[in-house]
Amino acid sequence: LRHYEIPYLVFPCTEPARQQRLLWYDALARRLGEAAVEERKRVPREDWPESWSATCNSSADTDDPCAPMSCDELRLLARDPFAEIGSHTSDHPILKICSAEEQRQQIGGSRTDLESWLGKPIRAFAYPNGRPTIDYDDSTVGFVEEAGYRCAFTTRHAFALTAAAFELPRFVMTSGISRAELAHRLAYSWPR
């Protein structure tokens with residue numbers, strides 16, 4: 001991306017970065033499988049039994065491919081002129097099932113943390129899981145606007161041409177995408 005001067009956004013969750021622990025769903029998937037993750041996504045955190053929370057808490061080794069970036073790594077990345085750091089909540093809950101207070105804390109708290117770590121404004125937000133009406137709703141969009149972001153991204157796959165600023169589509173990039181696959185997607189696969 002840097003070689004071709006392509007701007008990009010990175011959306012870290014702040015608590016895993018601060019504590020250097022796996023995101024809850026990565027820890028859970030390793031212990032109990034993907035089906036357990038899908039089950040827990042639909043249950044509000046305050047309704048999780050203690051055993052569920054314990055299962056989702058796991059330290060991350062620095063060489064673990066699922067380890068979150070550290071605060072220092074985020075600071076370094078923020079210096080890249082083509083990178084922008086956006087917020088992705090404190091610890092990746094499904095916002096639609098959170099209380100209004102919890103949504104505000106997750107959305108605003110992660111922004112506050114990132115701004116204090118990086119010393120620059122955080123303007124973009126990405127909804128965890130990001131499926132409109134399933135993972136977030138209109139009230140969530142309102143909380144994102146209220147927190148002072150300029151834009152927010154869903155996981156709806158499309159080019160951001162005329163979409164609303166707080167429900168921009170995006171193409172998700174993961175670590176498993178090779179250079180050849182990225183080139184193919186940019187040149188052929190993603191319809192314009």
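Ile6 sits in the segment that precedes strand E1, which spans residues 8-10, and the model in which it is placed is a predicted one. Because its relative accessibility is 32%, Ile6 counts as partly exposed. Together with Leu1, Tyr4 and Leu186, Ile6 forms a nonpolar patch on the surface, and the accessible area of these residues together is about 390 Å².

Taken along the principal axes, the box filled by the C-alpha atoms is roughly 50 × 40 × 35 Å. Among the contacts in the chain with a separation of 6 or more, 65% are accounted for by residues 24 or more positions apart. As for the surface, the accessible area of the chain comes to about 10800 Å², with 52% of it belonging to carbon and sulfur atoms, while 43% of the 192 residues count as buried.

With a relative accessibility of 27%, Ile97 counts as partly exposed, because the partly exposed class lies between the buried limit of 20% and the exposed limit of 50%. When its neighbours within four places in sequence are left aside, the residues in contact with Ile97 are Lys41, Arg42, Val43 and Pro44. Ala160, by contrast, stands 63 residues from Ile97 along the chain, and the C-alpha atoms of the two are separated by 27 Å.

The cysteines form a further topic. A disulfide requires a pair of cysteine sulfur atoms within 2.5 Å, and by this rule the count comes to 0 disulfides. Cys71 is accordingly in no disulfide, the nearest cysteine sulfur being that of Cys13, 13 Å away; Cys71 also counts as buried, because its relative accessibility is 15%. For Cys98, the closest cysteine sulfur is again in Cys13, and the distance of 12 Å is too far for a bond. Cys98 is likewise buried, with a relative accessible area of 13%.

Technical notes
Residues numbered from 1 in each chain as written. Predicted model: local features only at pLDDT ≥ 70, side-chain atom pairs only at ≥ 80, totals over all residues. Heavy atoms only, no water. Buried < 20%, exposed > 50% of the residue type's maximum accessible area, 1.4 Å probe, protein only. Contact = heavy atoms within 4.5 Å. Patch = residues over 30% accessible without salt bridge, like charges linked within 9 Å, V, L, I, M, F, W, Y side chains within 5 Å. Areas by Shrake-Rupley, 256 points an atom, 1.4 Å probe, with all protein chains shown as cover. Salt bridge = Lys/Arg side-chain N within 4 Å of Asp/Glu carboxyl O. Helix = DSSP H or I, 4+ residues; strand = E, 2+ residues; numbered from the N terminus.
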